[in-house]
Amino acid sequence: IDAVEIDKASYYQARENFEESPWKERLKIFHSDILQFDPGKKYDCIISNPPFFEKDLKSDDDKKNAAKHDTALTLQQLLEAVIKYLEENGMFVVLLPYHRINYCIEEAEKAGLYLSKKVLVKQTK
């Protein structure tokens, strides 16, 4: 399992977590922007928790905005990376807020990716 993290502090935290994992020999993390990442291979499955927001709920903290908003990575850019790194019959799994689902499906279809299953998760107290 390869992971990519652009934020330096998050990268170090994830690396530390990987070292504590019973599967640490199977885990590798790269400190990179996904747009600059070049693994030299393709993947059977890509899972992404991309920036959630687009033009809403901005913070005064640029690092928070980069993590939670599409200022550093747009959905279209993410889909381009997925197309580049995904095996022909691979699976892309993405976690998005409800209000971005239809937009994501439309953009994915434009990129040649098609929905096979949608799971809706409801937040509870």
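Predicted model: local features only at pLDDT ≥ 70, side-chain atom pairs only at ≥ 80, totals over all residues.
Residues are numbered from 1 along each chain as its sequence is written, and side-chain values use heavy atoms, with hydrogens and water left out.

Of the 125 residues in the protein chain, 28% are buried, where buried means under 20% relative accessible area, exposed over 50% and partly exposed in between, with a 1.4 Å probe and protein chains only. Among contacts (heavy atoms within 4.5 Å) between residues at least 6 apart in sequence, 65% join residues at least 24 apart.

Now select Ile46, Val82, Tyr85, Phe92 and Leu113, the residues with the most contacts inside the largest nonpolar core, which has 17 residues; such a core is a set of buried Ala, Val, Leu, Ile, Met, Phe, Trp, Tyr and Cys residues joined through side-chain atoms within 4.5 Å. At least two residues of this core come from each of β3 (43-48), α3 (75-85), β4 (86-94) and α4 (101-110), and α3 gives the most, with six residues. Centre the view on Val82 and, leaving aside its neighbours within four places in sequence, you will find this residue in contact with Ile46, Phe92 and Leu113. A second, separate core of five residues can be located through Ala3, Ala14, Phe18 and Ile29, which are among its members.

Back on the surface, select Ile47, Met91 and Val93, a nonpolar patch with about 300 Å² of accessible area together; patches are made of residues with over 30% relative accessible area and no salt bridge, like charges being joined within 9 Å and nonpolar side chains (Val, Leu, Ile, Met, Phe, Trp, Tyr) within 5 Å. Met91 lies in strand β4 and is partly exposed, at a relative accessible area of 47%.

For the aromatic rings, look for three pairs; rings of Phe, Tyr and Trp (its six-membered ring) pair if their centres lie within 6.5 Å, planes under 30 degrees apart counting as stacked, over 60 as edge-to-face and the rest as tilted. The rings of Tyr11 and Tyr12 have centres 5.1 Å apart and planes at 65 degrees, so this pair is edge-to-face. Tyr11 is buried at 12% relative accessible area, whereas Tyr12, at 39%, is partly exposed. Phe30, Phe37 and Tyr85 form one aromatic cluster.

Finish with the two salt bridges, each a side-chain nitrogen of Lys or Arg within 4 Å of a carboxyl oxygen of Asp or Glu. In one of them Lys41 meets Asp2, with the closest N and O atoms 3.2 Å apart; the pair links distant parts of the chain, Lys41 in the loop between β2 (28-31) and β3 and Asp2 in strand β1 (residues 2-5), 39 residues apart. In the other, Lys110 and Glu107 meet at 3.0 Å, N to O, and, being three residues apart in helix α4, are separated by about one helical turn. Lys110 is exposed, with a relative accessible area of 67%, whereas Glu107 is buried, at 11%.

Definitions and conventions:
Helix = DSSP H or I, 4+ residues; strand = E, 2+ residues; numbered from the N terminus. Areas by Shrake-Rupley, 256 points an atom, 1.4 Å probe, with all protein chains shown as cover.
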